Amino acid sequence: MKTSFIILACIMATTATFAQDDNLPKPELTEVWEPVPKLVSPAAKAGEPPSDAIILFNGKNLDEWMSPKEPTGPAKWTLSDGIITVKKGTGPIRTKRSFEDYQFHLEYRIPANITGSGQARGNSGIFFAATGQGDSGYELQVLDGYNNKTYVNGQVGSIYKQHIPLANASRKPGEWQTYDVVWTAPRFNDDGSLKSPARITVFHNGVLVQNNVEIKGETTYRGQPSYKKHGPGPILLQDHGDPSEPISYRNIWLRELK
Ligand code: MG
């Protein structure tokens with residue numbers, strides 16, 4: 001009985017509040033009903049692609065990839081046991097298709113028997129919008145980050161020589177690690193000048209390491225980055241060329257954002 005009274009009192013109070021606010025705009029005026037977001041079925045397991053993903057590598061073949069050094073042949077890296085391993089000396093591999101803005105997922109593994117130090121220890125990289133020759137575009141660094149000291153704007157999770165990661169979430173060599181990325185491509189004016197810079201958000205093993213940072217230009221080893229006009233571009237994986245054991249990749253997909 002007492003509870004019923006309290007509920008009734010609450011309803012009356014609420015009604016009174018609404019009555020007092022009659023001069024405010026109707027709440028319906030700020031409800032948006034269209035466009036209805038498309039239905040996407042999430043993955044059954046974390047890391048697996050959702051229903052609308054473009055599968056770039058699922059362990060079966062390298063059909064989505066090519067080697068820029070020999071563009072007419074198949075991608076040169078090693079496919080074995082459902083994983084891709086860098087084949088040192090063959091150069092990078094890149095997607096045959098080009099993309100603009102997307103959500104991107106990839107897994108990599110530094111070999112358990114990794115040797116070397118600093119930049120020569122499990123170095124590879126993911127280059128977004130790799131529209132030029134070789135390692136062109138904008139690099140998200142891949143490197144052993146487990147007890148491996150190097151310059152912090154070149155460690156794993158960095159936007160190479162541009163943005164230090166917010167954390168080092170590295171797993172041990174031998175364990176699979178994930179990158180989840182939101183990539184927004186730069187836009188250019190007709191005269192070639194920059195309209196809006198590229199932006200990137202990165203989660204490394206589920207930990208936020210780049211929070212919608214603005215990219216300063218194409219990655220460069222020496223000197224300052226700058227922009228050159230380009231359109232949508234492929235995604236490139238780096239063959240770094242250092243003598244440490246080659247790293248592996250698996251489960252690569254993206255969702256285009258339009
Ligand atoms: Mg690299």
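**View 1. The salt bridge between E48 and K45 in this predicted model.** E48 is partly exposed, its relative accessible area being 34%, and this residue forms a salt bridge with K45 in which the closest N and O atoms are 3.9 Å apart. K45, for its part, counts as exposed, with a relative accessibility of 55%. By the rule applied here, the salt bridges of the model come to a count of 13.

**View 2. R187 and its salt bridges with E100 and D101.** The side chain of R187 meets that of E100 in a salt bridge with an N to O distance of 3.7 Å; because E100 lies in the loop between β5 (93–95) and β6 (102–109) whereas R187 belongs to strand β10 (residues 187–188), this pair ties together parts that are 87 residues apart in sequence. R187 also meets D101 in a salt bridge, here at 2.7 Å from N to O, and since D101 lies in the loop between β5 and β6, that pair ties together parts 86 residues apart in sequence. D101 counts as buried at 13% relative accessibility, while E100 is partly exposed at 30% and R187 is partly exposed at 28%.

**View 3. The protein donors of the magnesium ion.** Lying 2.2 to 2.3 Å from the ion, the protein donors are N123 (OD1), S124 (O), E139 (OE), Q141 (OE1) and Q238 (OE1). Q141 lies in strand β8 (residues 138–142) and Q238 in the loop between β14 (236–237) and β15 (248–256), so the pair ties together parts that are 97 residues apart in sequence. Both Q141 and Q238 are buried.

How values were computed. Residues are numbered from 1 along each chain as its sequence is written. This is a predicted model: local features need pLDDT of at least 70, side-chain atom pairs count only at pLDDT 80 or more; totals for chains, interfaces and linings use all residues. Side-chain values use heavy atoms; hydrogens and water are left out. Donors are N, O and S atoms within 2.8 Å of the metal (3.2 Å for Na, K and Ca); water is not among the atoms, so sites may look incomplete. Helices (H or I, at least four residues) and strands (E, at least two) are DSSP runs, numbered from the N terminus. Buried means under 20% relative accessible area, exposed over 50%, partly exposed in between (1.4 Å probe, protein chains only). A salt bridge is a side-chain nitrogen of Lys or Arg within 4 Å of a carboxyl oxygen of Asp or Glu.
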